[in-house]
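Have the structure open as you read.

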Amino acid sequence: MVPAEAEFIGRTDQLELLARRLTDARQGHARTVLIGGEAGIGKSRLLSRFAESARAAGAHVLSGAGEEHFGDPMPYGPLLEVLDSFGREYGESRAAVLGGDAYERLIAFFELGADSMTAPQQVFLAVRRMLDGIAADAPVVLILEDLHWADPSTLDLVRHLGQTRAENRRLLLVASFRSGGLVRDDPLWQLLASPTFLRRTERLELPAFTLPELRRFINSAANEAVDPELIERCLEWSDGIPFYAEQLMATGVLDNPEDVRLPADISSVVLARLGGLGKDALRVLRVAAVAGRAMSRRLLRTVSGLPGEALRDALQECFDRQMLVTGHEEDVYRFRHALLREVVYQMTVRDTRVDLHMAMAQALAEDSRLCLAEGSAVAEQASHWYQAGMWPQALSFAVQAGETAARTLAFASAEVQFTRALKLWQRVADPQLQAGMSRDQVLLWAAEAARWTGHVDRALAHIRQAIAEVGDGTDPGRLGELYERRGTYLWEVGRRADSVAALRQASALLEAGPASAVKARVLAGFALAHLQAGRYADGHHMAAAALTMARDVGARAEEGRALNISGLALGMLGDPEGEVRLRAALEIARSVDHIEDLLRAYGNLGLVLEHAGRTRESASAAMSGLAEARKLHLANTRQGGVLANNASAALLLLGEWEEAEKIVTEVSSDRRPEESLYPRLTLAEIKVARGEHAQARELLVSIDNVEHGKDPRFLGPLHAVRAELALWQDDFAGAAEEVERGLAAVQDGENGLEVLRLCVLGLRCAADRAAASDAYRAVAITVGDRLALLARQAEQSQSQSSVAGPAGGEVVQLVRLCKAERRRLRAADSATVWGEVAAGWVKLDRPYPAAYARWRQAVAAHAAGDRDAARQRAREAYLVAKSLGAGPLCDVVVELARKLDLDLADRPAATKYPYDLTPAELDTLRLLCEGYGPARIAAARTVVIRTVQTQLGSVYRKLGVHSSVEAVALANRERLFD
């Protein structure tokens with residue numbers, strides 16, 4: 001439920017514009033701003049917020065509003081309210097002083113009728129003089145709301161104020177009106193169509209909320225996160241209009257999308273718009289409402305029953321009132337608002353609705369060209385037969401429409417149709433004949449549709465029913481296929497043990513049968529389970545068996561899946577053949593339109609590239625997959641979540657934390673912990689690095705009691721982020737304990753990288769602990785020696801098990817880091833060693849660990865008495881940490897800077913460089929002229945490559961060139977570096 005006062009969302013641009021216009025008025029340039037928008041769009045709320053800020057800025061704010069009327073409107077109604085509220089707010093005496101004689105004349109004229117003003121011009125002049133008098137004290141903001149209800153005299157006053165000379169007048173006039181439903185004979189329409197008036201005013205149209213804005217609007221006032229599907233449904237019904245959204249959510253009418261009953265408040269507002277419509281126009285709206293939110297022009301002409309000229313006039317009336325709209329040269333009519341369609345539909349008598357539904361279904365059956373869009377005839381007939389209560393036809397067409405929707409990847413529509421078919425099953429004699437398939441087949445279709453719309457729980461429920469429908473195993477092949485699907489869905493909700501159990505049931509049922517595509521999928525499922533447990537070699541062998549079987553039976557899709565999984569296994573073992581297989585799997589998935597394997601291949605390719613140290617390519621692969629998922633409207637599925645997490649994890653390493661956080665938040669905030677383990681962990685890593693420790697702890701607690709499985713790629717980072725959180729809070733014992741738990745979880749697997757990462761943290765913890773307490777140094781050294789031995793063993797196992805050394809660069813870096821931390825532990829810290837570590841991380845495009853190493857390098861240089869080097873490295877560490885938003889790292893660098901008497905805010909005196917280039921841009925251009933590419937420039941300047949690319953773009957823009965060749969030529973021609 002959304003309470004009356006939700007968070008003020010959006011409208012930033014409009015508030016900023018009004019603030020700028022108030023500044024203009026303050027400087028003696030009068031301005032007029034007109035704000036239009038639908039009823040309920042938030043015009044009053046925007047003006048209320050602006051009025052508060054204007055008062056706070058010292059302006060006088062006067063306001064009045066037009067009132068809804070059922071006869072002739074009151075002359076100057078808004079002006080009367082302005083005078084009354086001004087007098088009450090300031091007191092009569094103060095108001096009289098500010099407004100002067102003009103204020104008193106206006107009061108006398110309206111209250112006593114004793115003034116000599118006999119013409120509108122005299123009223124206009126008095127109002128101007130009153131406003132000018134008040135403005136002598138401070139600028140005036142005059143707010144007139146709801147001009148659509150204002151009388152002609154008030155509109156003439158607005159015209160007069162808007163067209164009066166602007167110079168030397170400190171007035172900002174802001175007026176609001178409803179822009180929907182204005183007709184040509186309306187006085188406001190005529191005012192807004194006046195060229196002279198429009199030239200001297202500024203008009204804004206308040207847009208509806210976007211989905212992210214509506215999500216913030218609804219969640220801001222709720223005690224807990226609202227179901228994202230419910231918010232999307234609210235957007236569909238409210239069209240993003242805040243008032244409608246508030247009412248729909250508050251009354252809970254959207255909980256059942258099949259039976260929405262609009263709140264009385266909304267119905268009343270919408271019904272008021274129908275007043276004055278002619279009989280034929282109402283007939284057109286009823287026919288259109290029965291058709292749906294949209295209908296084809298030809299179907300409307302066929303079913304309406306109106307003769308040609310009457311139909312055209314009725315349609316024109318609906319268009320003039322902006323009840324129906326259409327695109328340019330489009331043969332489709334749409335309701336401007338979903339709520340208008342629903343109100344018209346609900347006020348149409350049931351018998352009339354049934355007759356119209358049947359007429360539309362029959363018309364579409366006779367001529368499919370009458371449908372809304374190419375290929376939509378079956379879906380439209382399914383809906384009309386269902387609404388008409390013709391159950392046999394409704395069942396038949398629902399199944400056909402569901403199959404069509406699923407094959408075209410319109411899974412939300414497919415789920416609606418198959419769910420409807422299942423509801424109708426008991427209402428029809430011989431439903432299997434009408435549906436053209438058995439009930440378990442319909443359930444399987446429904447399960448797949450639910451799975452791809454993100455409703456995996458519903459998919460599991462459908463599969464359970466399908467298994468029960470098939471029975472006691474008289475058809476083991478069919479039953480085995482259903483258990484294989486069940487295993488896949490269980491994996492997607494994070495129930496890994498149950499998933500493997502379902503695959504074992506499938507395997508047992510299929511064992512006696514011949515080789516088949518289903519058997520190959522089961523083998524691939526077992527292979528994936530091995531990989532998730534960190535057993536890459538076993539996973540590869542099982543995937544190889546699945547690949548052989550798939551090729552033997554000519555199952556192309558299953559061949560792609562087996563290549564997908566074996567590619568991941570080989571990639572994690574460091575074999576470059578893994579990438580080759582994954583790219584082949586991508587091509588197969590595309591060729592057979594298998595979206596599950598397409599998205600999975602993108603995700604696995606990103607993992608393999610990251611594991612190989614090719615982080616930028618990893619992020620690119622994951623983002624490409626995520627783009628595919630979004631294009632198919634599948635970003636909210638399990639596979640979409642995996643891709644989002646993989647992309648975020650890579651971007652996190654690359655230092656692009658804002659983008660990483662944005663992406664991963666989308667797939668974690670609205671999902672249950674068991675469905676968002678990896679995204680929550682990635683988000684926790686970001687929060688720890690940023691210093692948002694309370695939020696990080698909440699995220700980690702949320703996944704404490706969820707099944708974690710045995711995947712070292714999850715367990716290693718889980719314990720690592722817990723350890724780092726403890727380290728930043730000086731909880732050395734807690735950090736050491738997490739390192740030991742992590743090592744116990746991953747040490748026996750084949751992922752040496754995770755072992756190395758944990759050893760680094762363990763050595764860092766031991767060194768910090770020893771520095772904090774000399775009494776603990778001997779114990780810390782013992783712990784450090786054991787961790788160093790584990791790191792050496794992990795390094796050796798990686799090189800022995802790899803064809804080309806997985807993540808070779810990162811392995812080297814982690815080994816260097818272990819050695820540097822161990823030297824620090826043994827009081828033999830070396831600025832040179834830390835400099836090598838920092839340079840290595842820069843080369844790998846990892847700014848955060850590079851900044852950490854620069855900080856350590858500065859500390860070591862300071863301890864060695866090299867103050868200048870320490871100051872230089874501390875500044876470098878600070879600049880990178882600050883740009884990342886790495887709060888804890890910034891804090892320790894600032895602490896070091898105090899010891900070095902280093903003012904991190906110091907900047908050299910401004911120097912004029914050619915073409916207004918900054919020193920950094922000039923240095924980048926110099927290296928470019930020396931033949932360096934972006935990667936070498938980044939390494940030379942110890943920055944990330946993205947910074948270099950940004951600087952080069954700025955250089956090209958300032959030089960007025962478009963490429964590196966042109967930039968170098970210009971620099972040489974003008975001897976910039978001679």
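## A crossing pair: α45 and α48

Let's begin with helix α45 (residues 919-929) and helix α48 (residues 964-973), whose axes come within 10 Å and cross at roughly 95°. An angle from 65 to 115 degrees counts as roughly perpendicular, so α45 is roughly perpendicular to α48. Keep in mind that this is a predicted model.

Who does the touching? From α45 come Leu925, Leu928 and Cys929, and they meet Ser964, Ala967, Val968 and Ala971 of α48. Sorted by class, the contact of α45 with α48 has 6 nonpolar residues, 1 polar and no charged ones.

## A parallel pair: α34 and α36

Now for helix α34 (residues 677-690) and helix α36 (residues 712-728), which pack at an angle of about 25° with their axes 10 Å apart. Angles under 35 degrees count as roughly parallel, so α34 is roughly parallel to α36. The crossing of α34 past α36 is left-handed.

On the α34 side, the contact is made by Leu677, Tyr678, Leu681, Ala684, Glu685 and Val688. On the α36 side, the residues are Arg713, Phe714, Pro717, Leu718, Val721, Glu724, Leu725 and Trp728. By class, the contact of α34 with α36 has 11 nonpolar residues, no polar ones and 3 charged.

His693 sits in helix α35 (residues 693-702). Is His693 buried or exposed? Its relative accessible area is 13%, and the cut-off for buried is under 20%, so His693 is buried.

Leaving aside residues up to four places away in sequence, His693 touches Lys687, Val688, Leu725, Trp728, Gln729 and Pro888.

## Arg846, a buried loop residue

Arg846 is found in the loop between α41 (831-843) and α42 (847-863). With a relative accessible area of 3%, Arg846 is buried.

Which residues does Arg846 touch, not counting those up to four places away in sequence? They are Thr615, Leu653, Glu810 and Trp841. With Thr615 there is a polar contact of 3.2 Å between the two side chains. As for Val943, Arg846 is 97 residues apart from it in sequence, and the C-alpha to C-alpha distance is 9.3 Å.

Conventions. Residues numbered from 1 in each chain as written. Predicted model: local features only at pLDDT ≥ 70, side-chain atom pairs only at ≥ 80, totals over all residues. Heavy atoms only, no water. Axes fitted to C-alpha atoms, helices over the stretch in contact; angles between N-to-C directions. Helix = DSSP H or I, 4+ residues; strand = E, 2+ residues; numbered from the N terminus. Parallel < 35°, antiparallel > 145°, perpendicular 65-115°, else oblique. Left-handed = near helix turned anticlockwise from the far one by under 90°. Contact = heavy atoms within 4.5 Å. Nonpolar A, V, L, I, M, F, W, Y, C, P; charged D, E, K, R; others polar. Buried < 20%, exposed > 50% of the residue type's maximum accessible area, 1.4 Å probe, protein only. Polar contact = N/O pair within 3.5 Å; in protein donor to acceptor, adjacent residues only side chain to side chain.
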